[in-house]
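Thanks for making time this morning. I would like to walk you through one model, strand by strand and helix by helix, so please bring it up on your screens.

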Amino acid sequence: MPLSIRGLWYEIPRGPAILRGVDLVVRGGETVALMGRNGAGKSTLLRHAAGLLGPTRGRVDTAGRVALLLQNPNDYFLRERVSQEVSPEALAAAGLAGLGERNPRDLSGGERQRLALAIVAGEGDPPVVLALDEPTRGMDREAKAALAAELRRRAEGGQAVIVATHDPEFAAACAERAVLLADGRVIADGPAAELLAGGWYFSTETARILGGAGEALEPEAGANVLRARGRDAVRSHEGPAGSHERPAGSREGPAEPLGAVDQGAAARGGLS
Ligand SMILES: Nc1ncnc2c1ncn2[C@@H]1O[C@H](COP(=O)(O)OP(=O)(O)O)[C@@H](O)[C@H]1O
Ligand SMILES: [Mg+2]
């Protein structure tokens, strides 16, 4: 399996648990949109997939190279000219033929992201897993569509693609599966079309989190109920002595109040 994550916890020493028992398997040929609000743990999860962070408990197994495209494409540019960064073939494949003489930093947002992707993916064997963290920031529609097409092409070639995004439109354009992360937990995992459209899956999960919120049938309604209940959830669910959901034998809860990180999973259930 290209990427297999089992029971992944990531806990900051004397701080909050950022990931709380995440299970996620991504198969070759699959594109997964990893969604959830700011602070849900998306970037932390991708860093574990790429081996930049190690779990405090649980397992992350990968079947080969994981390429991770971080949020700022400029971090990948070392040269003064685009043509010095990748081969002409890779440039053409990235739709950047003709821009070889430009400075990478002067490209448009979408072009920079595509060049960074070509650099990260490399030119030998493709990575087994391609992970992208919020790649559409600052992109116009056209650039997003081009990137979505590129990700679909890579998945069709057998790569396992996982893309953290806030952008439901982009997620729908590139992913058949969406995973919704909230407060370090996977709260929904299912067909992107249904999850993004507020189909049964989101509703079921929302109802589960709320203990059967009868009226929360649309994601917006569900998210509103979740937000409204967020404060209560913090108190009842995350007491000052530490979460009762930590696995047996884990260390005691944080010495300080958990603050913004540890709002209940429910408070983070919205897609926006
Ligand atoms: N090293 C760290 N120390 C303390 N808190 C952290 C650390 N890394 C991440 N966090 C917190 O963990 C939460 C999840 O962060 P992140 O994975 O970046 O979420 P996302 O990418 O979904 O916005 C955030 O609240 C962030 O502030
Ligand atoms: Mg992030």
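Predicted model: local features only at pLDDT ≥ 70, side-chain atom pairs only at ≥ 80, totals over all residues.

Let me start with strand S6 (residues 129–133) and strand S7 (residues 160–164), which run parallel and are joined by five bridges, with Val-129 having Ala-160 as its bridge partner in S7. Helices and strands here are DSSP runs numbered from the N terminus, helices being H or I of at least four residues and strands E of at least two, and two strands pair if DSSP finds at least two bridges between them.

Residues are numbered from 1 along each chain as its sequence is written, and chains are lettered from A and ligands numbered from 1 in the order in which they are written.

S6 and S7 belong to an open sheet of six strands, ordered S5-S6-S7-S3-S8-S9, whose pairing is mixed. Strand S5 (66–69) and strand S9 (185–191) are at the edges with a single partner strand each, so one side of each has no neighbour in the sheet.

Which strands does helix H5 lie across? H5 lies across strand S3 (31–35), S6 and S7, running at about 150° to S7, where axes are lines fitted to C-alpha atoms, for helices over the stretch in contact, and angles run from 0 to 180 degrees between N-to-C directions. H4, for its part, lies across S5 and S6, at about 155° to S5.

As for the two helices themselves, the axes of H4 (residues 109–121) and H5 (residues 141–156) come within 9 Å and cross at roughly 20°, and they are therefore roughly parallel to each other, a label that applies to angles under 35 degrees. The contact involves Gly-109, Gly-110, Gln-113 and Arg-114 of H4, together with Ala-143, Ala-146 and Leu-147 of H5, contact meaning that C-beta atoms, placed from the backbone, lie within 7 Å.

There is also a second open sheet, of three strands in the order S2-S1-S4 with antiparallel pairing, in which the edge strands S2 (17–26) and S4 (57–62) each pair on one side only. Strand S1 (residues 3–11) is joined to S2 by seven bridges, and the partner of Leu-3 in S2 is Val-26.

Key: Parallel < 35°, antiparallel > 145°, perpendicular 65-115°, else oblique. Contact = placed C-beta atoms within 7 Å.
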